Amino acid sequence: MTSKERLLIALDGGCPDRLPATTHHIMKYFRDTYMGGCNDREFFREMGLDPIHWVNHSFYTREQEENWRIEEEPVNTTGYRTVRYKIHTPKKTFTMVVQYNQYTSWVTEHLLKEKGDIEILARYLPSPRADVGKINEEAKEHQDCLIRGFIPCFDISGQPGCWQDLACIFGIQDLIMETYDDPQWVKEVLGILQRRKLDYVDTLDGCKYDILEMGGGDASTTVISPGIFQEFVAPFDTPIIHGIQQKNIRVVYHTCGGMMPILEDIAAMGPNAMETFTPVDMGGDADLKEAKRRVGKKVCMIGGFDQFHFFNGCSQEATRSRVRECFEAAGENGGFILAPSDHFFDADPELIRAFAQEAACCIYE
């Protein structure tokens with residue numbers, strides 16, 4: 001069985017020949033620091049993991065670009081690289097400040113500063129179109145890989161889910177407060193972001209994606225309550241999930257952090273898969289065995305591996321043992337893809353190899 005066949009069978013809830021094992025995005029910092037600057041395909045080959053190829057090609061029309069022009073302005077600071085982004089529209093110029101280090105980026109000045117600005121967003125926020133030709137060209141060049149992408153995020157900084165996108169441009173703390181102070185406003189702006197994502201989905205005809213990502217960490221229950229998820233997250237993301245599936249593309253819903261109180265809520269949205277099942281020792285709450293019992297017949301489960309403690313500073317035997325524990329907890333009857341619970345930056349390549357080798361030994365009878 002090829003890696004792609006193995007991953008697709010698991011995503012569809014079946015039993016492949018053995019436990020699929022892969023990873024989320026491979027961070028440039030890790031590749032440069034520990035792998036001599038290799039590319040993603042070389043990483044998967046050297047580690048022995050089932051490969052994923054991430055591809056995201058989209059574009060704006062010329063008219064859209066004229067009404068939504070982004071300008072970058074470096075900001076002199078004594079610490080991190082800092083950029084002020086200016087988004088020029090016919091009615092107003094928005095600003096957003098983002099800082100960067102070798103690992104990641106974060107927003108220090110959010111774009112939405114006045115609630116009334118959503119009227120400008122509603123009028124001028126462009127909806128990207130999928131560049132089907134470029135996407136399919138890459139899919140053809142990587143036929144051995146699972147072809148994965150994500151629903152477009154807000155320009156500059158964002159996440160695939162509607163609530164999660166809004167958290168990036170308004171600020172999660174203020175957003176949570178507005179669900180109590182002005183819930184109608186929150187729903188109105190979520191509707192604007194939803195429309196943009198649905199517009200993109202409408203352009204996916206003929207696209208050779210195997211799976212697209214929705215969701216994001218700001219909807220985990222280590223950030224918001226189940227009640228907020230049920231009222232402000234699920235109703236806006238569910239139509240997008242269904243729209244993607246109508247294009248014959250699978251959907252994975254990404255929730256890094258707490259998941260256990262909303263497992264059934266996520267499954268009820270209808271994704272083909274859920275991730276990342278972050279372990280308790282990494283700040284999450286995932287109990288793989290319990291999650292398998294509750295939703296394992298409804299969706300494929302992806303993740304569950306503690307990369308912080310078992311890709312660093314331990315023996316290969318400990319890493320292999322943890323792989324076996326994950327397989328025993330969630331591997332029964334298939335529908336499980338072993339993966340680190342989201343990104344990793346510092347890791348011992350030999351432990352990643354042990355992770356892959358032990359997964360290859362987890363055979364379905």
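Q: Which elements each supply at least two residues of the lining of the largest cavity?
A: Rolling a probe the size of a water molecule over the atoms shows where empty space is left. In this structure, which is a predicted model, the elements that each give at least two residues to the lining of the largest cavity are the helix α1 (3-11) and the strands β8 (146-150), β12 (300-305) and β13 (336-340). The largest share comes from β13, with three residues.

Q: How many residues line the largest cavity, and which lie nearest its centre?
A: The lining is made up of 17 residues, and those nearest the centre are Thr-22, Ile-52, Arg-148, Glu-275 and Ile-302. Sorted by class, the lining of this cavity holds nine nonpolar, five polar and three charged residues. The space inside the largest cavity comes to about 110 Å³, and the structure holds one cavity of 30 Å³ or more.

Q: What is the volume of the largest pocket?
A: A pocket, unlike a cavity, is an open set of points, and the largest pocket here has a volume of about 1,300 Å³. Its lining counts 45 residues, with Cys-153, Gly-158, Gln-159, Pro-160 and His-343 lying nearest the centre. Two or more lining residues come from each of β2 (58-59), β5, β6 (105-109), α7 (162-170) and α9 (183-201), and the largest share, three residues, belongs to β6. By class, the lining of the largest pocket has 21 nonpolar, 18 polar and six charged residues.

Q: Which residues line the second largest pocket?
A: Among them are Gly-13, Lys-289, Lys-292, Arg-293, Lys-297, Glu-328 and Glu-332, and the space in this second largest pocket is about 240 Å³. Helices α12 (288-295) and α14 (316-330) each supply at least two of the lining residues, with α12 giving the most, namely three. The lining of the second largest pocket divides into one nonpolar, five polar and six charged residues.

Q: Turning to the rings, how many aromatic pairs does a search of the whole structure find?
A: The search finds 18 aromatic pairs. One of them joins Trp-68 and Phe-94, whose rings are tilted, with 6.5 Å from centre to centre and 45 degrees between the planes. This pair links distant parts of the chain, as Trp-68 sits in the loop between α4 (62-66) and β3 (69-75) while Phe-94 belongs to strand β5 (residues 93-100), 26 residues apart.

Q: Why do Trp-68 and Phe-94 count as buried?
A: A residue is called buried when its relative accessible area is under 20%. Trp-68 counts as buried because its relative accessibility is 3%, and Phe-94 counts as buried because its own value is 1%.

Q: Which residues do ring pairs link into a cluster?
A: The cluster is formed by Phe-30, Tyr-34, Phe-43, Phe-44, Phe-305, Phe-310, Phe-311, Phe-344 and Phe-355, which are linked by ring pairs.

Q: Where does the charged end of Lys-115 sit?
A: A ring can also have a charged group over it, and the charged end of Lys-115 sits over the ring of Trp-185, 5.6 Å from the centre of that ring. Arg-81 gives another case, lying over the face of Tyr-100 at 4.2 Å from the ring centre.

Definitions and conventions:
Residues are numbered from 1 along each chain as its sequence is written. This is a predicted model: local features need pLDDT of at least 70, side-chain atom pairs count only at pLDDT 80 or more; totals for chains, interfaces and linings use all residues. Side-chain values use heavy atoms; hydrogens and water are left out. On a 1 Å grid over the protein atoms alone, a cavity is a set of points where a 1.4 Å probe fits but cannot get out, and a pocket is an open set with protein on both sides within 12 Å along at least five of seven lines; lining residues have an atom within 4 Å of a point. Grid points are joined across faces, edges and corners, and a volume is the space filled by probe spheres set on the points. Helices (H or I, at least four residues) and strands (E, at least two) are DSSP runs, numbered from the N terminus. Ala, Val, Leu, Ile, Met, Phe, Trp, Tyr, Cys and Pro count as nonpolar, Asp, Glu, Lys and Arg as charged, and the others, Gly among them, as polar. Rings of Phe, Tyr and Trp (its six-membered ring) pair if their centres lie within 6.5 Å; planes under 30 degrees apart count as stacked, over 60 as edge-to-face and the rest as tilted. Buried means under 20% relative accessible area, exposed over 50%, partly exposed in between (1.4 Å probe, protein chains only). A charge sits over a ring if NZ of Lys or CZ of Arg is within 6 Å of the ring centre and within 35 degrees of the ring normal.
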